[in-house]
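My entries follow in the order I made them.

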Amino acid sequence: MLDIKFIRENPETVKNACRVRGMTDYTDEILTLDARVRELKTITQAKTAEKNKITREIPTATDRAPLIARSREIANEIAADMAELADKESQLNDLLHCVPQIPSNDAPIGRDDTENVEIRRVGTPREFDFTPRPQWELLEMNGWWKPEKIASICGTRTYALFGEAAELELAIQTYVLQKLMARGFTFVNCPSITKPQTIFNAGHFMGSDLSVMNNDVFMLTDTDRCLAGTAEIILNSLHSDEVLNEKDLPIKYVGFSPCFRKEAGAAGRDTRGIVRVHQFNKVEQYIYCTPEQSDEMHEHLLNNLCEVMEDLELPYRVIAACTGDMGFNKVKMHDVEAWFPSENTYRELGSCSSIGTFQARRTNTRYRASDGTLRFCATLNNTGIALPRAIVPVIENHQNPDGSVNIPKKLQPLMGGRTKIGGKH
């Protein structure tokens with residue numbers, strides 16, 4: 001969320017942020033409520049002071065009745081003012097949680113993903129001298145999955161990988177974790193069960209009504225818990241209500257967890273294969289830093305994922321998300337998209353996001369600056385790798401005519417030295 005002081009002092013900036021993001025502008029309502037809240041606080045403070053003065057006078061007064069009557073009258077007025085204050089603060093809080101982050105000047109202005117901007121392409125899509133098979137055919141012919149059986153056991157949009165494909169999934173995950181740990185990231189094996197408030201604190205949903213999550217988040221019936229859709233949720237709250245030291249920033253985490261999403265907004269999409277499933281595994285990069293370090297850390301996180309694409313020997317491109325496509329809480333966002341031969345297009349494998357102090361305000365995560373002042377941290381996140389989605393471009397780009405799949409060189413040590421899997425070997 002944004003600081004109310006910032007909104008007071010920069011209303012046109014906030015209005016413009018709502019406009020370029022295509023979101024409802026509540027700025028005027030917020031300022032009206034804010035003014036009334038501050039007025040009521042001043043009024044109640046003055047009346048409380050008057051009541052306290054009268055209370056001190058009553059014991060020594062010759063005629064106490066008028067003072068007692070006035071004290072009761074003021075008490076009733078204070079109670080009414082406090083009731084209005086609580087109502088106005090609740091309304092203000094609700095609206096403050098609907099104000100989007102101020103986008104960076106670097107973020108392209110646009111309405112939706114059709115107006116995102118391609119920054120660069122790396123690698124050239126392979127020209128096959130045979131008809132390449134889509135992911136599901138490669139998985140089927142090699143005995144790497146049993147979609148009908150798993151669906152009958154677990155329901156739709158679930159998956160299980162068998163044999164060498166399962167080994168490949170683990171090898172990719174392990175490789176990325178080792179790569180990031182070698183770069184100074186602290187590994188956190190995150191729980192998937194969390195509290196709804198923890199998800200809310202990550203700023204993925206607008207408003208202060210937690211029930212807004214119900215379409216996307218798996219709630220655990222008869223508990224106060226739910227299932228997280230990314231390790232970012234947990235990593236974002238690791239330092240809630242703490243004061244960090246500036247000299248210790250940036251703090252870099254790489255989290256791993258099984259992730260769970262309803263995918264309610266993706267009905268009818270990617271129903272075949274393993275691109276979009278309810279449960280998946282994800283390696284997540286997460287950084288706490290000063291606002292001044294944020295741009296540098298954004299490039300750091302982005303470059304890490306780009307290097308992973310190169311290590312997996314995948315053609316990819318980097319996209320700058322426009323203001324209408326990036327999330328509610330983001331300052332700027334870049335997507336990294338790998339080439340999917342079966343679809344003849346690039347598809348997202350990860351998103352790098354700068355959040356500014358938006359999340360830290362919700363979690364009250366601050367640091368003591370060198371001048372002694374307390375300031376909110378900036379936070380950033382990016383995918384390390386998401387599985388099984390990342391397996392799709394790997395097996396499709398590296399397939400052979402017999403259905404075997406060449407293993408990228410960087411993964412071969414984690415695959416027992418094998419250079420390929422599947423097929424007739």
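Predicted model: local features only at pLDDT ≥ 70, side-chain atom pairs only at ≥ 80, totals over all residues.

**Overall build**

I looked up the secondary structure and found twelve helices and 15 strands in the protein chain. The C-alpha trace spans about 105 × 45 × 40 Å along its principal axes. Of the 425 residues, 51% count as buried. The exposed surface comes to about 19,800 Å², and carbon and sulfur atoms supply 49% of it. Among contacts with a separation of 6 or more, 73% are between residues 24 or more positions apart.

**Positive phi, not glycine**

I checked D241, which has a positive phi of about 60° although it is not a glycine. D241 sits in the loop between α9 (232–235) and β5.

I then checked N364, another residue other than glycine with a positive phi, here near 55°. N364 belongs to the loop between α11 and β11 (366–368). N364 has 25% relative accessibility, so I put it down as partly exposed.

**Cis peptide bonds**

I found a cis peptide bond from L249 to P250, with omega near 5°. P250 lies in the loop between β5 (243–245) and β6 (251–260). I found a cis bond joining L387 and P388 as well, with omega about 20°. P388 is in the loop between β13 (378–387) and α12 (391–397).

In α2 (residues 11–21) I listed V14, K15, A17, C18, V20 and R21 as buried. What do the buried residues of α2 pack against? They pack against α1 (4–9) and α3 (27–57). Just after α2, G22 takes a positive phi of about 70°.

I went on to T60, in the loop between α3 and α4 (64–96). T60 counts as exposed because its relative accessibility is 70%. I took the C-alpha to C-alpha distance from T60 to P11: they are 52 Å apart in space and 49 residues apart in sequence.

**Nonpolar cores**

The largest nonpolar core has 55 residues, and L168, I172, M309 and I385 touch the most other members. Which helix gives the largest share of this core? Helix α7 (residues 163–182) does, with eight residues. I followed up L168: leaving out residues up to four places away in sequence, L168 touches I391, V394, I395, I407, L411, M415 and I421. Apart from this core I noted another, of 24 residues, which includes A202, L235, L244 and Y367.

**Second largest pocket**

I looked up the second largest pocket and read a volume of about 500 Å³. It has 23 lining residues, and Q101, P291, V331, G356 and T357 lie nearest its centre. The elements giving two or more residues to this lining are α10 (294–311), β10 (345–356), α11 (358–363) and β12 (374–376).

How values were computed: Residues numbered from 1 in each chain as written. Heavy atoms only, no water. 1 Å grid on protein atoms, 1.4 Å probe; cavity = no way out; pocket = protein on both sides within 12 Å on 5 of 7 lines; lining within 4 Å. Points joined across faces, edges and corners; volume = space filled by probe spheres on them. Helix = DSSP H or I, 4+ residues; strand = E, 2+ residues; numbered from the N terminus. Buried < 20%, exposed > 50% of the residue type's maximum accessible area, 1.4 Å probe, protein only. Contact = heavy atoms within 4.5 Å. Areas by Shrake-Rupley, 256 points an atom, 1.4 Å probe, with all protein chains shown as cover. Core = buried A, V, L, I, M, F, W, Y, C linked by side-chain atoms within 4.5 Å.
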